[in-house]
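I'll jot down each thing I look up as I go.

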Amino acid sequence: MSGAIISARRLGRVFKVTNGGKKQDLHAVSALDIDLMPGKILGVVGESGCGKTTLNRMLLLLDTPTEGEVLFKGQDCSTLAAEARREFRRAVQPVFQNPFSSLDPRMRVGQIIAEPLATIAGMSKQDIQNRVGEVLVAVGLRAEDARRFPNEFSGGQRQRIAIARAIASKPEVLMLDEPVSSQDISIRAQILNILKDLQADYGLSCVFISHDLATVRFMADDVIVMYLGRVIERGTARAICTTPAHPYTKALLAANLPPDPDAPRPELPPQGEIPSPLNPPSGCAYHTRCPLRFERCDRERPNNYPTPHGGTAACHLLDPNLTR
């Protein structure tokens with residue numbers, strides 16, 4: 001899609017692993033296409049092991065794709081010259097899941113936040129100090145907190161510091177990998193509201209990765225649902241979280257606590273364990289856990305079919321020419 005700030009085209013990542021003394025290919029991500037539009041939040045949802053974090057690392061240029069390409073403003077990132085790659089690093093900033101490991105305990109908060117500013121030409125020490133104080137206030141902390149060490153803060157405050165570091169260089173994109181999953185429920189709400197406010201105030205584009213559809217619905221404009229390294233459904237956050245089309249998406253939604261505890265539960269959560277990516281099922285990868293599977297699911301990988309909500313889903317049940 002033209003105008004996307006970050007795109008992925010047929011993106012794939014294969015890891016060589018040893019299993020039982022044998023070398024095997026682990027397909028962490030396969031044939032993935034996404035477009036992150038300016039000022040929008042793209043949600044990426046799925047269970048642990050579905051490839052979300054591998055996707056995040058490729059979009060951050062921390063891992064090299066085995067196939068396909070990552071594009072930044074239409075340019076293939078594998079061809080970026082040194083200066084353009086530095087601009088990418090400034091413009092695309094990560095916020096990771098665990099602030100206890102992502103913040104250097106030996107550095108003061110001000111030094112941590114100032115790190116990405118050191119490479120920006122024309123910023124004096126006073127400019128950097130002012131910017132550090134500005135972003136600390138923006139995430140609900142005090143400018144004078146710059147003098148303290150990370151271990152003097154709670155887990156929620158540390159995640160705010162990580163967010164302050166990410167926005168310090170005035171990026172265009174935030175890559176948010178499970179940014180609230182390590183926090184308790186009240187702290188999660190605070191951090192999500194901070195992220196929403198920052199996204200609106202700074203006009204940020206975001207990739208928001210989570211296993212929780214309820215959180216993704218609150219944050220995202222559009223959503224992709226991943227299973228065993230592939231996108232199996234995509235659409236608007238509202239549609240995905242209210243009228244999902246794929247049985248797996250329905251199961252993920254059912255696994256969330258309902259707004260009304262007395263309401264009937266139309267679907268069951270995912271049954272059994274997610275298969276090993278070293279030995280993925282034939283046909284539709286979800287068929288081993290799907291209560292709606294039929295013989296075609298066992299042998300044939302489904303195409304992406306249009307869904308009633310205007311998205312797409314990889315499910316044979318949506319084939320307009322379906323015959324069982």
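How many bridges pair strand 10 with strand 12, and in which sense? I find 2 bridges between strand 10 (residues 230–236) and strand 12 (residues 312–313), and the sense is antiparallel. I also looked up a partner here: Glu233 is bridged to Ala313 in strand 12. Before going on, a reminder to myself that this is a predicted model.

I get an open sheet of 8 strands with mixed pairing, and I read its order as 6-7-8-3-9-10-12-11. Strand 6 (92–95) and strand 11 (305–306) sit at the edges; each has a single partner strand, so one side of each lacks a neighbour in the sheet. Next I checked helix 2 (residues 82–91), and I see it lying across strand 6 and strand 7 (173–177). Its direction runs at about 45° to strand 6.

**Entry: Phe208**

Phe208 belongs to strand 8 (residues 205–210). Is Phe208 buried or exposed? I note it as buried, because its relative accessible area is 0%, and the cut-off for buried is under 20%. Then I listed what Phe208 touches, leaving out residues up to four places away in sequence. I wrote down Ile41, Leu42, Gly43 and Val44, then Leu176 and Pro179, then Leu192 and Leu195, and lastly Thr215, Val216 and Met219.

I find it open, made of 4 strands in the order 2-1-4-5, and its pairing is antiparallel. Strand 2 (22–36) and strand 5 (75–76) are the edge strands, each pairing on one side only. What joins strand 1 (residues 6–19) to strand 2? I have 11 bridges down for that antiparallel pair. Helix 1 (residues 52–59) packs on this sheet, and I see it touching strand 1, strand 2 and strand 4 (67–72). I put its direction at about 120° to that of strand 1.

Back to the pair itself: Val17 stands opposite Gln24 in strand 2, and Arg13 has Val29 as its bridge partner there. Strand 1 and strand 2 form a hairpin with 2 residues between them. In that turn I noted Gly20, which has a positive phi of about 65°.

**Entry: helix 1**

How many residues of helix 1 are buried? I get 6 of its 8, so I've marked the helix as mostly covered. The buried ones I listed are Lys52, Thr54, Leu55, Asn56, Met58 and Leu59. Just past the helix, I see Leu61 with a positive phi of about 65°.

**Entry: helix 6 and helix 7**

Last, a helix pair. I looked at helix 6 (residues 155–168) against helix 7 (residues 185–202): they pack at an angle of about 15°, and their axes are 10 Å apart. I call them roughly parallel, because the angle is under 35 degrees. The crossing is right-handed. On the helix 6 side, I have Gly156, Gln159, Arg160, Ile163 and Ile167 in the contact. Helix 7 brings Ile187, Gln190, Ile191, Ile194, Leu195, Leu198 and Tyr202. Sorting the contact residues, I get 8 nonpolar, 3 polar and 1 charged. Leu195 had already turned up in my notes, among the residues that Phe208 touches.

Technical notes
Residues numbered from 1 in each chain as written. Predicted model: local features only at pLDDT ≥ 70, side-chain atom pairs only at ≥ 80, totals over all residues. Heavy atoms only, no water. Pairing = 2+ DSSP bridges. Contact = heavy atoms within 4.5 Å. Axes fitted to C-alpha atoms, helices over the stretch in contact; angles between N-to-C directions. Buried < 20%, exposed > 50% of the residue type's maximum accessible area, 1.4 Å probe, protein only. Parallel < 35°, antiparallel > 145°, perpendicular 65-115°, else oblique. Left-handed = near helix turned anticlockwise from the far one by under 90°. Nonpolar A, V, L, I, M, F, W, Y, C, P; charged D, E, K, R; others polar.
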